[in-house]
Amino acid sequence: MALTVKRPNGTQDIVPNEVNKWHTVESVVKDTAEQFGFREIRIPTFEETGLFVRSVGDTTDVVQKEMYTVSSAGEKTYTLRPEGTAGTIRAIIENGILNEGLPQKVYYTLSCFRHEKAQKGRLREFHQFGCELLGSASPAADADAIALAHNVLDRLGLKNIRLNINSIGCPECRAKYREALKAYFEPHRSELCETCRERLDKNPMRLLDCKSKEDQEIAKDAPVITDYLCEECAAHFESVKKQLGIMGIDFVVNPKIVRGLDYYTRTVFEFISEDIGSQGTVCGGGRYDGLVEELGGKPTPALGFAMGLERILLTMEAQGCEFMEQRTCDLYLVSMGDAAAEKAVEITARLREEGFYVEYDLVGRGLKAQMKYADKIRAKYVIVIGDSELESGSAKLKNMATGEQSDISLGEALLDDFGAKYYEMMLDTDDDFRSFVEAFADNGQE
Ligand code: HAM
């Protein structure tokens, strides 16, 4: 019977043949974040709805149109996280982490949920790697976070990525800017989409982030925030740019970037991939100096960013970047008869204890079919065990790449024999392993 239940629109299955791509990205983001002094935090998949309304903002698309919210009688209303910052800040405040000293630097890799129109690079369930740095108002912190994101993209081998930065000022400069935007958009009120007509009164900056083509056309000549920055915000922005210059990180100042979430202040930035079409923003972030206090913590300046892992992977695939290899079987034990099968189980247990990846027949295949299977899973070595091998206590160890065969004991000496053969083969075939061994040997001589 055909399977009638299908994966929900806007979600993805990550199948075993593809999972190495995810492992590649996950290991690079973890290593790089930890090298920059960030520690991992893990938070719940859902939170009280009010958390997102207060932080992300009630005039944003995310809150107005995209949240997956569950409410059941007599209970609070909960929402699947549309992003990682709000929950992370909630968790940091709730667990008193700010009392452990400043700055606090955390990272996360998590799934997010937004009820958007699904297309390439825009999903309803997607994954973010994000970093949050709390307790520094210094422009050095902005530049350091941007450098971390830049470093991750670089280590993954991504090319053609543009960094756009902007400053959207503090609440004071924004008040003046809001008035200027209102004056600009008011004559166009009747041409705007319904949501934006409402936004014009409540939060005109959101108009700059509208997805409607008509509204984007009207917004083309709108005033830009950089003309309204107060002295301190302008000086902060200058300093961030200077530090990026010192670090050798190329950027473009794009005064049109306002970001789709309401908590930002001062620096905002986006990394954009030129190779994956319209949904090219692979990373977005910025400063949010008012959020910790807004959510009930002590006033604490903070900033961060998040990368969309699906978009990173799309770019890596489009650019032919390299991924980690899947682990392949070290040894497959082919057996004939019940006694040999028992021996295979015993050997497998011993070698697995030593860290080798070993498999044996679990489905009752004949000799030829077992050999074929060993080949299919790209086993590096095979040992065939039958009655005569059991009797002599020795068998042939076959190197599947070269076809070369050698004798191997099935008794006590098996582990040493196999270990020695395996080491030799790795030295011959694995460049990383050989360099590691050589470096180790050189160190020993010094
Ligand atoms: P965001 O710009 O909404 O920011 O999302 C960050 C990244 O997540 C985007 O640049 C994009 O790569 C990815 N992304 C967003 N929506 C989707 C989607 N529907 N499908 C696929 N990927 C998507 C935030 O979420 C902020 N919390 C970032 C931040 C952290 N700011 C400060 N700290």
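The legends below describe close-up views of one predicted model. Residues are numbered from 1 along each chain as its sequence is written, and side-chain values use heavy atoms, with hydrogens and water left out. Because the model is predicted, local features need pLDDT of at least 70 and side-chain atom pairs count only at pLDDT 80 or more, while totals for chains, interfaces and linings use all residues.

**View 1. An open sheet of 8 strands.** The strands run in the order β1-β5-β6-β11-β10-β9-β7-β8, and their pairing is mixed. Strands (E, at least two residues) and helices (H or I, at least four) are DSSP runs, numbered from the N terminus. Two strands pair if DSSP finds at least two bridges between them. At the edges stand β1 (39-40) and β8 (252-253), each with a single partner strand, so one side of each has no neighbour in the sheet. Strands of a sheet pair through backbone hydrogen bonds, either parallel or antiparallel. β5 and β6 pair in the antiparallel sense over 10 bridges. Phe-113 has Glu-125 in β6 as its bridge partner.

**View 2. Glu-116 in the loop between β5 (104-113) and β6 (125-134).** Glu-116 is buried, with a relative accessible area of 11%. Buried means under 20% relative accessible area, exposed over 50%, and partly exposed in between (1.4 Å probe, protein chains only). Leaving aside neighbours within four places in sequence, Glu-116 is in contact with Glu-66, Arg-122, Leu-123, Arg-124 and Lys-211. Contact means heavy atoms within 4.5 Å.

**View 3. The ring pair of Phe-46 and Tyr-78.** The structure holds 15 aromatic pairs. In the pair of Phe-46 and Tyr-78, the ring centres are 5.6 Å apart and the planes lie at 80°, so the pair is edge-to-face. Rings of Phe, Tyr and Trp (its six-membered ring) pair if their centres lie within 6.5 Å; planes under 30 degrees apart count as stacked, over 60 as edge-to-face and the rest as tilted. Phe-46 is in strand β2 (residues 46-48) and Tyr-78 in strand β4 (residues 77-80), so the pair ties together parts that are 32 residues apart in sequence. Phe-46 is partly exposed, at a relative accessible area of 46%, and Tyr-78 is partly exposed, at 26%.

**View 4. The ring pair of Phe-356 and Phe-418.** The ring centres of Phe-356 and Phe-418 are 5.1 Å apart with planes at 75°, so this pair is also edge-to-face. Phe-356 lies in the loop between α12 (338-353) and β13 (358-360), and Phe-418 in helix α15 (residues 414-429), 62 residues apart. Both Phe-356 and Phe-418 are buried. Ring pairs link Phe-356, Tyr-381, Phe-418 and Tyr-422 into a cluster.

**View 5. Helix α11 (residues 309-318).** In this helix, 7 of the 10 residues are buried, so α11 is largely enclosed by the rest of the structure. Among the buried residues of α11 are Leu-309, Ile-312, Leu-313 and Met-316. Gly-320, with a positive phi near 65°, follows α11.

**View 6. The lining of the second largest pocket.** The lining has 19 residues, of which Glu-325, Thr-328, Arg-378, Lys-380 and Asp-430 lie nearest the centre of the pocket. On a 1 Å grid over the protein atoms alone, a pocket is an open set of points where a 1.4 Å probe fits, with protein on both sides within 12 Å along at least five of seven lines; lining residues have an atom within 4 Å of a point. α15 gives the most to the lining, with 4 residues.
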